[in-house]
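Colleague: I am new to this structure. Could you walk me through how to read its features, one at a time?

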Amino acid sequence: MADSTEHQIRFTDGAGYERMMGLWSRPVGEVFLDWLAPKQGLAWADIGCGNGAFTELLVDRCAPTSIAGIDPSPEQLSYARQRHTAGIAQFTQGSAMDLPIADASVDAAAMALVIFFVPEPAKGVAEMMRIVRPGGSVSAYAWDFLDGGFPWEPVHEELRALGLPPAAPPSAPIARLDNLTRLWQDSGLQQVESRIITIEREFPSFDDFWATAQLAPTMAHALKTLAPTQLDEVRERVRAKLEVRNGKIVHWGRANAAKGIVPR
């Protein structure tokens, strides 16, 4: 894609992404779908489907008749195809700003942890509205990246203090609750609502947390540039920020969500 920042945040390892972000995505997606409360048996579009984490949640929760999964990464799509066993999803390489889906052909379209990667978010929302039938749902959720909601923020904070700020998604400000709400309202969608979603994830040990964090492309390069002693210092400062509960590391993430209905 065009934005130079986006080239710094490339998800090409489906299995690594599942450990690093997919296991965060599912609990957020669970709360999101509870709030969305969609009917069973709908035709869905999962925009920016990545490795299929949200796709599989739709399969488990919503009894969809079909799912069109769209993502720019062939590696992520390959992982999504391998994990999908229900046989109702079709995965296609494509852009959120030019969806390879016919007009008014699905009942619901969602972007799970994607809207801040779309170079022109308004165009992405317009595309979702184009493919959804009148009366259908258009929705999204995204980490509150700039206001501390990203699950790996403890590591980001330490890297920023060293003058090594991790790359941000190209449209990071759109994930702020007020901006996301305004985007949905300005799009022409009806019955617009928004909310904050906060979830926790448990890690068996700090070593597991630390190893998982290093799978993130926003941090891996910067961490590799540190001298061993400096890396150890960062590691210990991150450890001190985290909660220990019953011998395990418990950390949280915060996402913002919006939903609306395509006018009839």
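This is a predicted model: local features need pLDDT of at least 70, side-chain atom pairs count only at pLDDT 80 or more; totals for chains, interfaces and linings use all residues.

Colleague: Is Leu189 buried or exposed?

Modeller: The idea is to look at relative accessible area, where under 20% means buried. Leu189 has a relative accessible area of 7%, so Leu189 is buried.

Colleague: Which residues is Leu189 in contact with, leaving aside its neighbours within four places in sequence?

Modeller: Leaving those neighbours aside, Leu189 is in contact with Val125, Met129, Val138, Trp184, Gly260, Ile261 and Val262. Leu189 and Cys62 are 127 residues apart in sequence, and their C-alpha atoms are 23 Å apart.

Colleague: Where is Pro169 found?

Modeller: Pro169 is in the loop between H5 and helix H6 (177–186). Pro169 has 5% relative accessibility, so it counts as buried.

Colleague: Now a residue in a helix. Where does His156 lie, and what is it in contact with?

Modeller: His156 lies in helix H5 (residues 153–161). Its relative accessible area is 2%, which makes it buried. Leaving aside neighbours within four places in sequence, His156 is in contact with Phe145, Phe150, Pro166, Thr218 and Met219.

Colleague: And a residue in a strand? Where is the place of Phe203?

Modeller: Phe203 has its place in strand E6. It counts as buried, at 1% relative accessibility. Beyond the neighbours within four places in sequence, Phe203 is in contact with Trp24, Trp152, Asp208, Phe209, Thr212, Lys248 and Ile249. Phe203 and Val244 are 41 residues apart along the chain, and their C-alpha atoms are separated by 9.6 Å.

Colleague: How do I read a whole helix? Which residues of helix H7 are buried?

Modeller: List the buried residues, then ask where they point. In helix H7 (residues 206–213), the buried ones are Phe206, Phe209, Trp210, Thr212 and Ala213. They cover an arc of only 165° around the axis, so they are on the same side of H7.

Colleague: Which residues are buried in helix H3?

Modeller: Helix H3 (residues 74–83) has Gln76, Leu77 and Ala80 buried. Their arc around the axis is only 100°, which puts them on the same side of H3.

Colleague: What covers the buried residues of H4?

Modeller: First, the residues. In helix H4 (residues 121–131), the buried ones are Pro121, Gly124, Val125, Glu127, Met128, Met129 and Ile131. What covers them includes E1, strand E4 (106–112), E5 and H6.

Colleague: Next, the nonpolar core. Which residues touch the most other members of the largest one?

Modeller: They are Trp44, Ile47, Trp143 and Trp184, in a core of 82 residues. Helix H1 (residues 14–36) gives the largest share of this core, seven residues. Look at Trp44 in detail. Leaving aside neighbours within four places in sequence, its contacts include Leu33, Leu36, Leu58, Cys62, Ile67 and Val106.

Colleague: What is the volume of the largest pocket?

Modeller: About 380 Å³. To read a pocket, take its lining next. Of the 17 lining residues, the closest to the centre are Pro38, Gly135, Gly136, Ser137 and Ile261. Strand E5 (132–143), strand E6 (190–203) and strand E8 (248–261) are the elements that give two or more residues to the lining. E5 gives the largest share, five residues.

Colleague: How do the residues of that lining divide?

Modeller: Six are nonpolar, five polar and six charged.

Colleague: Last, the backbone. Why look at phi?

Modeller: Ala37 is one case, with phi near 50°. Ala37 lies in the loop between H1 and strand E1 (43–47). It is exposed, with a relative accessible area of 57%.

Colleague: Where does Ala63 lie, and what is its phi?

Modeller: Ala63 lies in the loop between helix H2 (53–62) and strand E2 (66–71). Its phi is positive, about 45°, although Ala63 is not a glycine. At 42% relative accessibility, Ala63 counts as partly exposed.

Note on methods:
Residues are numbered from 1 along each chain as its sequence is written. Side-chain values use heavy atoms; hydrogens and water are left out. Buried means under 20% relative accessible area, exposed over 50%, partly exposed in between (1.4 Å probe, protein chains only). Helices (H or I, at least four residues) and strands (E, at least two) are DSSP runs, numbered from the N terminus. The arc is that of the directions from the helix axis to the C-beta atoms. On a 1 Å grid over the protein atoms alone, a cavity is a set of points where a 1.4 Å probe fits but cannot get out, and a pocket is an open set with protein on both sides within 12 Å along at least five of seven lines; lining residues have an atom within 4 Å of a point. Grid points are joined across faces, edges and corners, and a volume is the space filled by probe spheres set on the points. Ala, Val, Leu, Ile, Met, Phe, Trp, Tyr, Cys and Pro count as nonpolar, Asp, Glu, Lys and Arg as charged, and the others, Gly among them, as polar. A nonpolar core is a set of buried Ala, Val, Leu, Ile, Met, Phe, Trp, Tyr and Cys residues joined through side-chain atoms within 4.5 Å. Contact means heavy atoms within 4.5 Å.
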